[in-house]
Amino acid sequence: MKNILTKHRWYRTFALVTVLAFALVSGPVTVAQESRLPSIGGAGGGLISGQQESDIGQQVMVSIRRSAPRITDPLVYDYLSAITYRLVPSAPLESPDITLALIDSPAINAFAVPGGIVGVNGGLFLNAATEQQFASVLAHELAHLSQRHFARRLEQQETSTPLTIAGMIAGIVLSAVTQSDIGIAAIAGTQALAIQNMLAYSRSHEQEADRVGMDILASAGLDPQGMPEMFEIMMRQNRLQGNNMPEYLSTHPLTQSRVADTRNRAEQYPDKTVHDSQEYHLIRSRLQVHYAASPDVAVRTFENRLEKPDAQNNLAIRYGLAMAYLKNDQPDQAHQIIRELLESAPGRITLQVTAAEINIEQGNLSKARSILEEALSRNPGNYPITSTLADVEIAAGNGTRAARYLTQLTRNMPQQEHLWLRLAEAEGMARNIVGVHRARAEYNALMGDLESAQRQLRQAQEKLPAGSAQRQVVSERLGEITSRLQARRNS
């Protein structure tokens, strides 16, 4: 119980600080007149350059990696990445590079941070009944980033800009690391006047994010109606929960006029029918099981849903029941459902990966490997398939094979710190000590511990013969880490 309370307290603190950081750029969500704020160009002008925003984003990600409860399920992350990058080409971003933070909390929340950071709670899947509603929140956050609201707000506060930036970063980092209210105090101490002065501009920023977000949705082939629908869901929850409002609304309050405004805007787009992807509902069922009060409750919930008319034809409900059985230590029942689902959708990756997960649970590693290798041959480089294959090889004691798969994943997704930890484990199993040091160095660097990263790389360097190609690679990386460490000490 203590761990649950600690985790909940941490999340409330971190969510408040992170969204407060964005509240400095967006503030209370109400309807107002369009702003006439000047646009801030990257290198060409303005107080906050693109590089400074990137540095802020990196600081925030270090805080998240150190302390945030994260969802590392590759199927969930892969879906989130796919839907985000469906939206990105339609967003007027200066850079299409987005770093996703998938937070393990059932609360409704999402946030955007300068430097291309977009965070999403697992709870957003629970509360968004359709893919259109879910995507509307992502589009809104991408709109904030594309309009560079953070930089535009600071443009209005020239005298307090340095303190504003420093205070925001310190607040986020302190709150994430200490799991206390210290970070909030740091923000209040350095930015109280800035917050007070900047709130006057926040309303138009939110209205702008709504407008740009709906344009992003429509351009991406999704339904702008999802945005007012999602707002209505949040307002209903707010009424039901009374004083215990959803996390998102604690810093993004909604009004009936704002919902009406977005509804009117959505109706101005061409009328067309947009169908949800089946994948969204599979992932939603997967997370509903994850957040169920207990595995037994999850089983009963999905069994009850299957009793409703036409539910037997609902792939997502049947899949959810299979996941509930698996979590409830009933792999045989889960296997039966997934086998039937695969007969009707043999190429669906989520089902193939889940079939492999069930076989791993049953100890049938060769069968799991066979399923995944065949799937990988048809979907080269696929993240969930490759990641689960690494799980199979680690379970089988094949460190060299697991390391090969994980090396591929770290090349494709170098910002995912948990992959570097798994690679270090696999390299240790394979008795590749240099590989262990290198993987741990990258993990430490992502966690902001440059001293440990430097130490790991030096140990790797010492174990490699002089003049070898691998030693040269390690030496170059050591030089990069040392330069970053020196710059930090001099700042």
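**Close-up views of a predicted model**

Over residues 436-470 the chain is 74% helix and 0% strand, with the end C-alpha atoms 14 Å apart. In this predicted model, numbered from 1 along each chain as its sequence is written, local features need pLDDT of at least 70 and side-chain atom pairs count only at pLDDT 80 or more, while totals for chains, interfaces and linings use all residues. Side-chain values use heavy atoms, with hydrogens and water left out.

**View 1. The annotated segment, residues 436-470.** An unreviewed UniProt entry gives residues 436-470 the annotation "coiled-coil region"; positions from UniProt are given in the numbering used here, feature names are shortened, and annotations may be inferred rather than shown by experiment. Helices (H or I, at least four residues) and strands (E, at least two) are DSSP runs, numbered from the N terminus.

**View 2. Helix H22, residues 433-446.** This helix of 14 residues reaches 20 Å from its first C-alpha to its last, close to the 20 Å expected at 1.5 Å a residue; the expected span is 1.5 Å times one less than the number of residues. H22 is mostly covered, 11 of its 14 residues being buried (buried means under 20% relative accessible area, exposed over 50%, partly exposed in between, with a 1.4 Å probe and protein chains only). Among the buried residues are Val434, His437, Glu442, Tyr443 and Leu446. Gly448, which follows H22, has a positive phi, near 85°.

**View 3. Helix H20, residues 399-412, and its buried face.** The end C-alpha atoms of H20 are 20 Å apart, in agreement with the 20 Å that its 14 residues should span at 1.5 Å a residue. Gly399, Ala402, Ala403, Tyr405, Leu406, Leu409 and Thr410 are buried in H20. Seen down the axis of H20, its buried residues fall within an arc of 165°, so they line one face of the helix; the arc is that of the directions from the helix axis to the C-beta atoms. An α-helix has 3.6 residues a turn, so residues three or four places apart point the same way.

**View 4. Asp73 and Arg286 in a salt bridge.** The closest N and O atoms of Asp73 and Arg286 are 2.6 Å apart; a salt bridge is a side-chain nitrogen of Lys or Arg within 4 Å of a carboxyl oxygen of Asp or Glu. Asp73 lies in the loop between helix H2 (50-67) and helix H3 (74-87) and Arg286 in helix H13 (residues 278-290), so the pair ties together parts that are 213 residues apart in sequence. Asp73 is buried at a relative accessible area of 19%, and Arg286 is buried at 7%.

**View 5. Arg348 and Glu279 in a salt bridge.** The N to O distance between these side chains is 3.2 Å. Since Arg348 lies in the loop between helix H16 (331-344) and helix H17 (349-361) and Glu279 in helix H13, the pair ties together parts 69 residues apart in sequence. Arg348 is partly exposed, with a relative accessible area of 26%.

**View 6. The loop residue Ser468.** Ser468 lies between helix H23 (450-462) and helix H24 (469-490). A polar atom of its side chain is 2.9 Å from the backbone oxygen of Pro465, and the side chain of Ser468 reaches the backbone nitrogen of Arg471 at 3.2 Å.

Key: Polar contact = N/O pair within 3.5 Å; in protein donor to acceptor, adjacent residues only side chain to side chain.
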